[in-house]
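Student: I'd like to take a close look at one kind of side-chain pairing here. Please walk me through it step by step.

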Amino acid sequence: MTIKKYVPAALAALVALGANPAQAGQYVVTTRVAQDDAGERFQKWFPEMAVKRRMADRRRWVINLPDHNTRLIEALQRYNLIEAVEPDIQVQANLVPNDPYLSQQWGLFSAAAGINAQDAWDITQGAGAVIAVADTGYVPHPDLNDNLLPGYDMISSSSSARDGNGRDSNAIDEGDYTTFWTCGYSSNSSWHGSHVAGIANASADDGIGITGVAPQAKHVPVRVLGTCGGSLSDIADGVQWAAGLTVAGLPTNNNPADVINMSLGGAGSCPGFMQDAINAATAAGAVVVVAAGNENTDASGSVPANCNNVITVASVGVDGSRASYSNYGNVVDIAAPGGGNGDGILSTVDSGSQGRAGAAYAKYQGTSMAAPQVAGVVALLRSANPSLTPQAIEDVLKDTARPFIGNCDGCGTGLVDAYAALLAVTDGEPTDPTDPTDPTDPVDPDPIIETITYGGATNVTLNDASRYWWFFTREGVSRISLNVGNSGENGQANVVINHSNHNELSVTLTAPDGTQTAMSRTSVAGTAGQYATTTNGISGTYTLTVVDRTPGNRGSLNYFAASQDEVQ
């Protein structure tokens, strides 16, 4: 079965996303017992057949048949040695790219569609957990390098792998660009695996780029998608390798995954060999998270979303409603922010259109982007409580999911909530608390503490978004500075903005040390909206950034102040 990324929207006219045929003539044969000479016997019985390789499950063999020869398939099925003959289905990565825009990672903390990550980070940031991403591989990137562990290239086809050989220990992404002559459509390299990995666990507090859901978790890249996608048989072996299980001819993964993310899929039912691989990984302790698919149809027809023992994830857009492309249905367990309905998900990619050219960031949208949000939350749960079983983790995620604020029928039990899930397994206690030291008697009298306020009322006209022709809108970005003269404690920033539609705005505060915080809208009275956030209390220049995404409504900043307790 060949697995592929879901093709970009621009290719929709060339490739129907719902039509993912089996790779021409490729099947998986399952024997009733493992026999080392079974491949030779197949070849002897049917000279027209090509035996490609043996899978991790030693009862299974990948074969090629000329032109999907039904006569040979029926003949194979009549042999007592053979238990099943299943197509090696073509699947694709769940990606619907859109144009990149500079904005916040709303998926982490927006009131409408965020996963409540900021509160969760007070408990754990994922230290000790391992996330395996079965995808296109990795690219060198300053937001990924610190968390990267050794991975593996599981692509058995040297032409698809683009590295001149089959499976090897180098999981680097060689680019999945295509031409019409190779795959039936043309596209640039997506760097899909690195985008997915960045959402799950890009590093934090490094002064650059973005923050992943579990920024202290580690990342094992498992390369299973190349040119034109990849085969489900390779992915099945990759799932078992990621879980630390034995795969013939390969070294053991010394960093078994706590969670395996598969942002990929194709049309068809779940084959026995794929289900067995998932069952084995789950039995080994790995949680398997899968994207629901991007065809706006019932996910029961998408594999591996329709397999058992997986957490299948639908996507909500920035408004909290089901994204227009997202699959849905009874096989969906939960939803997460994947972009759409007005904004995408920002993450890590390479800047090259074909080969690697250097680190970059881009916004994509798709259930591919929703699944690693859930995988990151699973890593947080395993960090907080390593003894949690895969079933216990799935139950916690479903039980603590928060209700949708928009329409999301068939999206599972709700929107994943990282903080609520962690509270359910930790009672809100940090995972590695330090012991308090005994207090010492002060020599000097207690200091005098006063609350000092910097800034106050103001009147600044904010930049409105502008439309260029009929197809492009430029966001209106306004930046206002405020100087705080001293350091303090219990800092609080408050803002009042006058605007006719506050849903068009995103408001962030950047501290002098570069820390960015999304300001929460606490109330709206008429056109006046109040925003607030805590500050880290350091002295220097704080920058307020207001982004207006829709043209036609110009707002104004009427109040901007920072208050904190200072020693006098």
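Student: Which residue forms a salt bridge with glutamate 394, and how far apart are the closest N and O atoms?

Tutor: First, a word on what we are looking at. This is a predicted model, where local features need pLDDT of at least 70, side-chain atom pairs count only at pLDDT 80 or more, and totals for chains, interfaces and linings use all residues. Residues are numbered from 1 along each chain as its sequence is written, and side-chain values use heavy atoms, leaving out hydrogens and water.

Now to your pair. The partner of glutamate 394 is lysine 398, with the closest N and O atoms 2.8 Å apart. That counts as a salt bridge because the term covers a side-chain nitrogen of Lys or Arg within 4 Å of a carboxyl oxygen of Asp or Glu. Both residues sit in helix H11 (residues 390-400), four residues apart, so about one helical turn separates them. Helices (H or I, at least four residues) and strands (E, at least two) are DSSP runs, numbered from the N terminus. Glutamate 394 has a relative accessible area of 12%, so it is buried, while lysine 398, at 25%, is partly exposed. Here buried means under 20% relative accessible area, exposed over 50%, and partly exposed in between (1.4 Å probe, protein chains only).

Take aspartate 237, whose side chain meets that of arginine 53 at 3.1 Å, N to O. This pair links distant parts of the chain, since aspartate 237 is in helix H8 (residues 232-242) and arginine 53 in strand S3 (residues 50-54), 184 residues apart. Aspartate 237 is buried, at 0% relative accessibility, and arginine 53 is buried as well, at 14%. Aspartate 237 also forms a salt bridge with arginine 167, where the closest N and O atoms are 3.0 Å apart. Arginine 167 lies in the loop between helix H5 (158-161) and helix H6 (180-183), so this pair ties together parts 70 residues apart in sequence. At 22% relative accessibility, arginine 167 counts as partly exposed.

Salt bridges can also join up: Asp57, Arg59, Arg60, Glu83 and Asp276 are linked in a network of them.

Finally, a contrast. Aspartate 143 is buried yet has no salt bridge, and the nearest side chain of opposite charge, lysine 218, is 12 Å away. For charge, Lys and Arg count as positive and Asp and Glu as negative, with His and the chain ends not counted. Aspartate 143 is in the loop between strand S7 (130-135) and strand S8 (152-153).
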